[in-house]
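User: I would like to learn how to read a few features of a model, one at a time. Please give the general idea and then the case at hand.

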Amino acid sequence: MKQAVYFFEKYLSLLVVILAIATVSVCFFFPVYTDEIAWKVILGRYWADGNKALAQSLIPSCGPYAYSVPLILLPFRIFYQWINHFLTTPLSIRLFGISTALVTLFIIWKLFSDVTHNSIKNKTIALCIIAFATLGVMPFMLIISRPEQILLLCITIFFIPLLNNTKKNDSLFRTGRNAMSLLILAGIMLTAHPKAIFALPLVLLSFYRLITLRILSFICIFVIVIFSAIQFNDWSTRWSCDSNPIMAAYLRYVNLSEVKNITEFKVYFFALLKSLTHAKGWYIYFIVPKMWYVSNMIPPYTTQLALQFGNLLFYLLTGVVIISFSVFVFNFIKNRKDNSYLISYLAIASLWFFYLASLITRIDKNDYESALILPLLAFAVSGTLYILERTLKSNKQFYYYTMRMSFYGLLIFSIISQFILIITYTPYIFVMEDWKRPGYPRTQHFSVSNFGYNQLRSKITEAAEKCGIRASNHPHHLVVDELTYFNFRDSYQPFFMTYLDENGWGRNQLDLTTLLIHYRSAGIIVGCQWIPTALRNQAIHDGKFCCLPAFKKKTT
């Protein structure tokens, strides 16, 4: 019997790994979504934009489009500028996203292995990580190069060591090194995305626990609290939209931080409650196979088998989260007098706080956020199970049996998920070749292909020159799209047509021509499908690219 179980586990594990390699290969072809490029613009264009940071909304009608950077934040803006310097094509962004995801998974494995002290086999930990990372569309979400990747990596490093209840007496040199490393890591995280502020309790807990010299830990806590306040104010300023009343009203409707008075809060609160009556209001739904993903960033699953499996996966993951939270609360109450795992309990509680804060501070949730939220929930579940095993005094045999069955179940669900993903999306590579064709994928309006960009550079340059637009002139407020942007990365404070689009964010804008004249835009160079209706007759066509010359104030 034991030999049969051994072979079952061996070949099940081998199949998970083989399929994971195939899944990562499919992800390599996955087109780059607009937000992957937009966030590089928001975070990494400090020098190109006159030593300023662009508005987080990237909507020029919201008011000031560029803001001065507080001095304390400057080193981190330069850090992101340095990273962005190497991302010169869509393919480089995709490779960066895949590399970051793989590094994060490796660090998760290494840190969990260190914490468990070989009480759990390293192979088992690795298989659990791979299996979870390949559930549903999680492989696509994890490689999307948005700030959620940075947040996940930083939170991983802050959280997992706190599960270890053994205390160390570090040397003064090592303590100082740890303090400096944690401060830099916290700075990188807090300047990556506004949602990072929800991880502040975890960060402060890490400073308290991991910096053994108490006076130094309190100094670090004070510094990072001040830093967080400055960064939060910076995000709030760059996210405001005072000059566009319609857009400002929408942002107040969906973002708690934008609510100004009690009337707006009531509207927000009831809309939030309504959103939580739907599965998509809880994030878990976002990784399952379904018929639609935000902005068509991922083509839909169409077979009933895939959709039914997605429903089953959603209910199982929801059940695991609810049970885990209940076990965490019950186990904490039961062992509240035992201080040996207090820090670990607080660390797990900080993840639940992050999840709760993410739920209530924004009404409209998006699929790509699951790349951060779902792994954090997995951390909370894993941490709960780890502490439960350490504090359990009876029923240990039942616990180990349940964990073994859960392990097999996770592997099986990973195998099914990967089979469905590979079968569904491989045709986009080898049959329709939509993901290999340079340019704009037909079914993903807000994405661009990873491949063949160098074939398009000269065509984009030629099309732009027909309107007098040259990259060497560093054009001001040039309107680009996700594909043409790479040719004009050195332009000054560019506008993205995605945020001017009459069918999207731009539907609530002032008259586009008036807006571009106001900013004295150097013109437009985009894919012809992006040209607004009112400007189509004026656009100069050159193949798949269209341009308009500079917008200037009329003289009388």
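Analyst: Start with a torsion: about the S-S bond of C528 and C546 it is about 95 degrees, so this disulfide is right-handed. C528 lies in the loop between β7 (524-527) and β8 (540-542) and C546 in strand β9, so the bond ties together parts that are 18 residues apart in sequence. Helices (H or I, at least four residues) and strands (E, at least two) are DSSP runs, numbered from the N terminus. This is a predicted model, in which local features need pLDDT of at least 70 and side-chain atom pairs count only at pLDDT 80 or more, while totals for chains, interfaces and linings use all residues. Residues are numbered from 1 along each chain as its sequence is written, and side-chain values use heavy atoms, with hydrogens and water left out.

User: How many disulfides are there by the rule?

Analyst: In general, a disulfide is a covalent bond between the sulfur atoms of two cysteines. The rule used here is a pair of cysteine sulfur atoms within 2.5 Å, and by it the count comes to three. In C528 and C546 the sulfur atoms are 2.0 Å apart. Both C528 and C546 are buried, a term that means under 20% relative accessible area, with exposed over 50% and partly exposed in between (1.4 Å probe, protein chains only).

User: What is the handedness of the link between C62 and C241?

Analyst: That link is left-handed, with -80 degrees about the S-S bond. C62 sits in the loop between β2 (53-54) and β3 (66-67) and C241 in the loop between α10 (214-239) and α11 (245-254), so the bond joins parts 179 residues apart in sequence. The sulfur atoms of C62 and C241 are 2.0 Å apart, and both residues are buried.

User: How far is C220 from the nearest cysteine sulfur?

Analyst: C220 is in no disulfide, and the nearest cysteine sulfur, that of C154, is 16 Å away. At 2% relative accessibility, C220 is buried. C128, by contrast, is partly exposed, with a relative accessible area of 27%.

User: Now helix packing. At what angle do the axes of α9 and α10 cross?

Analyst: Two packed helices are described by the angle between their axes and the distance between the axes. Axes are lines fitted to C-alpha atoms, for helices over the stretch in contact, and angles run from 0 to 180 degrees between N-to-C directions. The axes of α9 (residues 200-210) and α10 cross at roughly 160 degrees and come within 8 Å. That makes α9 roughly antiparallel to α10, where angles over 145 degrees count as roughly antiparallel.

User: Which residues of α9 and α10 meet?

Analyst: From α9 they are L200, V203, L204, F207 and Y208, and from α10 they are R214, S217, F218, C220, I221, I224, V225 and S228. Contact means heavy atoms within 4.5 Å. By class, the contact has 10 nonpolar, two polar and one charged residues. Ala, Val, Leu, Ile, Met, Phe, Trp, Tyr, Cys and Pro count as nonpolar, Asp, Glu, Lys and Arg as charged, and the others, Gly among them, as polar.

User: How many residues of helix α2 are buried?

Analyst: In α2 (residues 34-43), 10 of the 10 residues are buried, so the helix is largely enclosed by the rest of the structure. D35, E36 and K40 are among them.

User: What surrounds A464?

Analyst: A464 lies in helix α18 and is buried, at 0% relative accessible area. Leaving aside neighbours within four places in sequence, A464 is in contact with I469, F488 and I525.

User: Last, the backbone. What is the phi of N51?

Analyst: Most residues other than glycine have a negative phi. N51 is not a glycine, yet its phi is positive, about 55 degrees. N51 is in the loop between α2 and β2 and is partly exposed, at 41% relative accessible area. N296 also has a positive phi of about 55 degrees without being a glycine. N296 is in the loop between α12 (262-275) and α13 (304-334), and at 30% relative accessibility N296 is partly exposed.

Methods
Angles under 35 degrees count as roughly parallel, over 145 as roughly antiparallel, 65 to 115 as roughly perpendicular and the rest as oblique.
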